[in-house]
Amino acid sequence: ALTDILRDYIEERFRTPAMELTTDEMLDIARRHTDMRTHLYLLEQILRTADLAKFAKAQPLPHEHAAAMDATRKFITITLPEPSDVKTKQ
C-alpha cells in the first residue's frame with residue numbers, strides 16, 4: 001500500500017506513469033529527472049524493499065517498515081513543488 005501511495009504521488013507530481021512501471025523502469029526515469037535524481041537513494045530503498053516483500057515473499061522487519069515509511073515521507077516532503085510552482089501551473 002505504501003508504494004501505491006508513493007507511485008500515485010509520483011504520477012501526479014512528475015507526470016510519470018509510475019503505476020505501470022517496474023521498479024527498474026521507475027528508477028531509470030528517476031535517474032533522468034532533475035528533481036527525482038537528487039533523491040534517488042530514497043526512492044530505490046522504498047521500491048526495493050517493497051519488491052522483496054511482494055516478489056520474494058520476504059517479510060520485512062519492523063524497523064524496515066518504519067524506514068520505508070520515513071523514506072517515503074522524506075521523498076514526498078523534499079520533492080513537493082514550491083508554492084509558486086503550484087500557482088503557476090494551475
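Predicted model: local features only at pLDDT ≥ 70, side-chain atom pairs only at ≥ 80, totals over all residues.
**Exercise 1. Confidence**

**Exercise 2. The buried side of H2**

State which residues of helix H2 (residues 23–32) are buried, and why they lie on the same side.

*Solution.* List the buried residues: Thr23, Met26, Leu27 and Ala30. Next, look at their directions around the axis: they cover an arc of only 95°, which puts them on the same side of H2.

**Exercise 3. Length and faces of H1**

Check the span of H1, then sort its residues into a buried side and the face turned away from it.

*Solution.* For the span, 13 residues at 1.5 Å a residue should give 18 Å; the end C-alpha atoms are 18 Å apart, which agrees. The buried residues of H1 are Thr3, Leu6, Arg7, Tyr9, Ile10, Arg13 and Phe14. Because their arc around the axis is only 160°, they sit on the same side of H1. On the face turned away from that side are the exposed residues Ile5 and Glu12. Just after H1 comes arginine 15, with a positive phi of about 50°.

**Exercise 4. The aromatic pair**

Classify the one aromatic pair of the structure.

*Solution.* The rings belong to tyrosine 9 and phenylalanine 14, and their centres are 6.2 Å apart. Their planes stand at 90°, so the pair is edge-to-face. Now test burial against the cut-off of under 20% relative accessible area. Tyrosine 9, at 14%, is buried. Phenylalanine 14, at 7%, is buried.

**Exercise 5. The largest nonpolar core**

Determine which residues of the largest nonpolar core touch the most other members, and which elements supply it.

*Solution.* The core has 18 residues, and those touching the most other members are Leu6, Ile10, Met26, Met36, Leu43 and Phe75. Two or more residues each come from H1, H2, H4 and helix H5 (62–79). H4 gives the most, with five residues. Take leucine 6 as an example: beyond its neighbours within four places in sequence, leucine 6 contacts Leu43, Ile46, Leu47, Thr72, Phe75 and Ile76.

How values were computed
Residues numbered from 1 in each chain as written. Heavy atoms only, no water. Buried < 20%, exposed > 50% of the residue type's maximum accessible area, 1.4 Å probe, protein only. Helix = DSSP H or I, 4+ residues; strand = E, 2+ residues; numbered from the N terminus. Arc of directions from axis to C-beta. Core = buried A, V, L, I, M, F, W, Y, C linked by side-chain atoms within 4.5 Å. Contact = heavy atoms within 4.5 Å. Phe/Tyr/Trp six-rings, centres within 6.5 Å; stacked < 30°, edge-to-face > 60°. Expected span 1.5 Å × (residues − 1).
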